[in-house]
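Hi everyone, thanks for coming.

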Amino acid sequence: VFVDDSLIFISATQESADRLNVIQLIYACSFSGQAVNREKSAIFFSPNTPHARRQAVKQVLGIHVEAFSDRYLGLPNAVGRITSGTFDHIRDRSRSKMNGWAEQLLACAGRETLVKSVIQTIPTFSMSCFRLTKKVCKGIIASMDKFWWSGSLDRRSMHWLSWEKLASPKCQDGMGFHDLQLFNLALLGKHGWRFVTNPNSLCAQVMKGRYFPDCDFMEASVPHTSSAIWRAIIAGREALHVGLIKRVGDGSTISIWEDKWIPGLSSLSPTVMPGGTTLATVGELIDHDNGTWRRELIYNVFIRPDVDAILNIPLRRGGGDYFRAWVFERSGNYSVKSAYRALVTRKERLAQEEGAVTNSSQTDERMWKSCWKLKVLPKVRVFWWRVIRRILPDECTLRYRHIKPISRCNVCHAMDE
């Protein structure tokens, strides 16, 4: 429902149709003076509704158009099982945009701007409600990748770097394009954050009554009969696990070893659990009479990095119960931007642990930041990025990649280019 559009659900009976007419009449005559345009209205029945009952309900309501559009505001209306074909319109729209730009002969910097400001924003609305399939994400990425390197979807060209490397932040030798699957999770995490921080909202109460009546949202499961919306919300919970912590009140309901409550640590919980300890809750680490941490006890139980992080946590006056907070924002409120960065950082850390990539040094990061801040034309900055990354198609690079047998300069033919 957008502006003056409304979706009304009733039973497919004559009594329900009569009652709806009465409600609309009261609304029009006694309150707003607005009437429903029945010629522009449409009705949609369940497949199990008999034909005779359909005709009777349409006769009572005065609505004779029986239709249900495939999409409304860019989202599918009747979603059962999510397939790659559900979101074909996103891929088609993206390809249509890029095909239109192919004739403009844009430089790499121009193509970068269009991909980031237009193509990457097309699926945003859909990704904030549904989890796109891997096939859809790969299709969109393949189109963006081809357009970035060749300037056209119909022209073949050399792809010097993989999209995973292009999607790295600019300070880490990438181009800062979006990883669509991680960005999808960051967008979906917003719904879970609202459930956690505003459990009395209508949407949260409906979902709780349907899917997790006896537990907290963070422990909710996914039944096999779950809707596509609920599956997407639970998928977005992965983003919350990266940075959702419990702010300490009196600490009586926070587990020291199982809950995440230490914002100064990457794990958000103690690094090491000493053997033989009997401590269970954070409240045991607090001197409630003075409202301070029990420093001597903390020094005896935890290792030094954990000690420093714990002692930096401020304690609230009066204690009270804990509340949820987002560790990557000063305000404590969830944001898609910080969630996406946290997911990217986690992915890079896991890749480094597996040995798939190497960690970039602070010197490299400063060099890249300086490169991207040069006060020159954007295409010049992209040119120097390609030079430093050794993906400029000069003779030496082509020989290094086994494309050409020799790397002689085409002018003097004496030295390498």
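Predicted model: local features only at pLDDT ≥ 70, side-chain atom pairs only at ≥ 80, totals over all residues.

Where does Ser269 lie? Ser269 sits in the loop that runs between strand 3 (244-247) and strand 4 (286-287). If we set aside residues up to four places away in sequence, Ser269 touches Asp259 and Ile262.

Now let's turn to the cores. The largest nonpolar core has 69 residues. The members that touch the most others are Trp148, Leu166, Phe217, Trp230, Tyr334 and Trp385. Which helix gives the largest share of this core? That would be helix 8, residues 180-197, with nine residues. There is also another core, lying apart from this one, with 20 residues, and Ile262 is among them, along with Val248, Ile254 and Trp261.

Let me stay with Tyr334 for a moment. Leaving out neighbours within four places in sequence, its contacts include Leu185, Ala186, Gly189, Lys190 and Trp193. Tyr334 is also in contact with Ala239, Leu240, Trp326 and Ala339.

That brings us to helix 8 and its partner, helix 10, which spans residues 228-243. How do the two pack? Their axes are 7 Å apart, at an angle of about 95 degrees. Angles of 65 to 115 degrees count as roughly perpendicular, so that is the word for this pair. On the helix 8 side, the residues that meet helix 10 include Leu185, Leu188, Trp193 and Phe195. Helix 10 brings, among others, Trp230, Ile233, Glu238 and Leu240. Sorted by type, the residues of this contact are 11 nonpolar, four polar and one charged.

Last stop: helix 2, residues 51-61. Which of its residues are buried? Arg54, Val57, Lys58 and Leu61 are, and these four lie on the same side of helix 2, because they cover an arc of only 100 degrees around the axis. As a reminder, an α-helix has 3.6 residues a turn, so residues three or four places apart point the same way. Ala52 and Gln59, on the other side of helix 2, are exposed. Helix 1 (14-32) is part of what covers the buried residues.

I'm happy to take questions!

Terms used. Residues numbered from 1 in each chain as written. Heavy atoms only, no water. Core = buried A, V, L, I, M, F, W, Y, C linked by side-chain atoms within 4.5 Å. Buried < 20%, exposed > 50% of the residue type's maximum accessible area, 1.4 Å probe, protein only. Contact = heavy atoms within 4.5 Å. Axes fitted to C-alpha atoms, helices over the stretch in contact; angles between N-to-C directions. Parallel < 35°, antiparallel > 145°, perpendicular 65-115°, else oblique. Nonpolar A, V, L, I, M, F, W, Y, C, P; charged D, E, K, R; others polar. Arc of directions from axis to C-beta.
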